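Here is a quick tour for anyone opening this structure for the first time. Have a look around, and then we'll walk through a few spots together.

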Amino acid sequence: MKRIIIITICCFIGLSAYAQTDTIRLQDKRLNVSNLKPGLNQYLVYFQNPKNKQTLRFWFWLRNIQLESRDGQKVFAITQHWYGSYSAAYRSIYSLNSAEDFAPVYISLNIKGVTKAYNWSKTKITGADSVANNAHKDFSLDFKTPNFNWDLDIETFEMLPLAANKTFVINFYDAGLSPPEYITYKVTGSEVLATLDNQKIDCWKLFTEGANGSTHYTQTFWISKKNHEFLKEEDQFNGMYRYKIKMPGAAPDLMARF
């Protein structure tokens, strides 16, 4: 009987050690904001359909992170430009987040020529009535708990305290859409990536899955262990694949040419 009790206790301890779940809340300040480095990051994004092996759909994303002061508060100002092969695919996103805990402060999206801009606090999000031609100036949604900006998932992952067997639950919100929801991300292991500039980098693999309507999807992210750098993403849905690959520093700055 004593042996059974000891085995049971050991199993419980083992399971507890494996299932390390962290709920990432703003008030707990579990994000390591010092990991987020100012500068320009560029990503090649492409879709692959195994049923049509001779065709790839390409995008190129620019995400520029700057540390600024607004109204006496230090903020991360993050500008995104998404370029596709036709003008309707282009979108731009401008976000402000507190440099202390990455709490969203403001976001403006321009998609297919339509602007949607919001003031974002820990208790609600409202349309920014000071922004000209804001299609969502009358939007308002109260929050039960503070949340994080889902448009900045890449940057959020770089700040997570990643470790073996960890599970993270993050309250993400897509501005202007349905209410926030908690998304589960699991560290499923590690892998050494060979990058485009011939480096071999040891990475954590972060995994999530869910459903968009009736479509099941999975997402895997590779974040470097040493520098907490988002290097790769693989998504699967409807038998198709989407990849995001971080480009090396030699990639030209497209915005510098305008």
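How many aromatic pairs does a search of the whole structure find? The answer is 19. Keep in mind that this is a predicted model.

## Two aromatic pairs

Let's start with tryptophan 120 and tyrosine 173, an edge-to-face pair whose ring centres are 5.7 Å apart, with 85° between the planes. Tryptophan 120 belongs to strand β7 (residues 114-120) and tyrosine 173 to strand β11 (residues 166-173), so this pair ties together parts that lie 53 residues apart in sequence.

## Charges over rings

The charged end of arginine 57 sits over the ring of phenylalanine 47, 4.7 Å from the ring centre. Over the face of tryptophan 204 you'll find lysine 225, at 4.2 Å from the ring centre.

In soluble globular proteins, nonpolar side chains tend to be buried together. Here, the largest nonpolar core has 47 residues, and the members touching the most others are Phe102, Phe157, Leu160, Tyr185 and Leu206. Strand β11 supplies the largest share of this core, with four residues.

What does phenylalanine 102 contact, leaving aside its neighbours within four places in sequence? Its partners include Leu26, Leu31, Val33, Phe76, Ile78, Phe148 and Met159, along with Asn97, Glu155 and Thr156. There is also a second, separate core of six residues, and among them are Val75, Ala77, Leu96 and Tyr106.

## A look at glutamine 20

Finally, find glutamine 20 in strand β1 (residues 20-24). With 31% relative accessibility, glutamine 20 counts as partly exposed. Not counting residues up to four places away in sequence, glutamine 20 touches Ala164, Asn165, Lys166 and Thr167. Asparagine 212 is 192 residues from glutamine 20 along the chain, and their C-alpha atoms are separated by 27 Å.

Note on methods. Residues are numbered from 1 along each chain as its sequence is written. This is a predicted model: local features need pLDDT of at least 70, side-chain atom pairs count only at pLDDT 80 or more; totals for chains, interfaces and linings use all residues. Side-chain values use heavy atoms; hydrogens and water are left out. Rings of Phe, Tyr and Trp (its six-membered ring) pair if their centres lie within 6.5 Å; planes under 30 degrees apart count as stacked, over 60 as edge-to-face and the rest as tilted. Helices (H or I, at least four residues) and strands (E, at least two) are DSSP runs, numbered from the N terminus. A charge sits over a ring if NZ of Lys or CZ of Arg is within 6 Å of the ring centre and within 35 degrees of the ring normal. A nonpolar core is a set of buried Ala, Val, Leu, Ile, Met, Phe, Trp, Tyr and Cys residues joined through side-chain atoms within 4.5 Å. Buried means under 20% relative accessible area, exposed over 50%, partly exposed in between (1.4 Å probe, protein chains only). Contact means heavy atoms within 4.5 Å.
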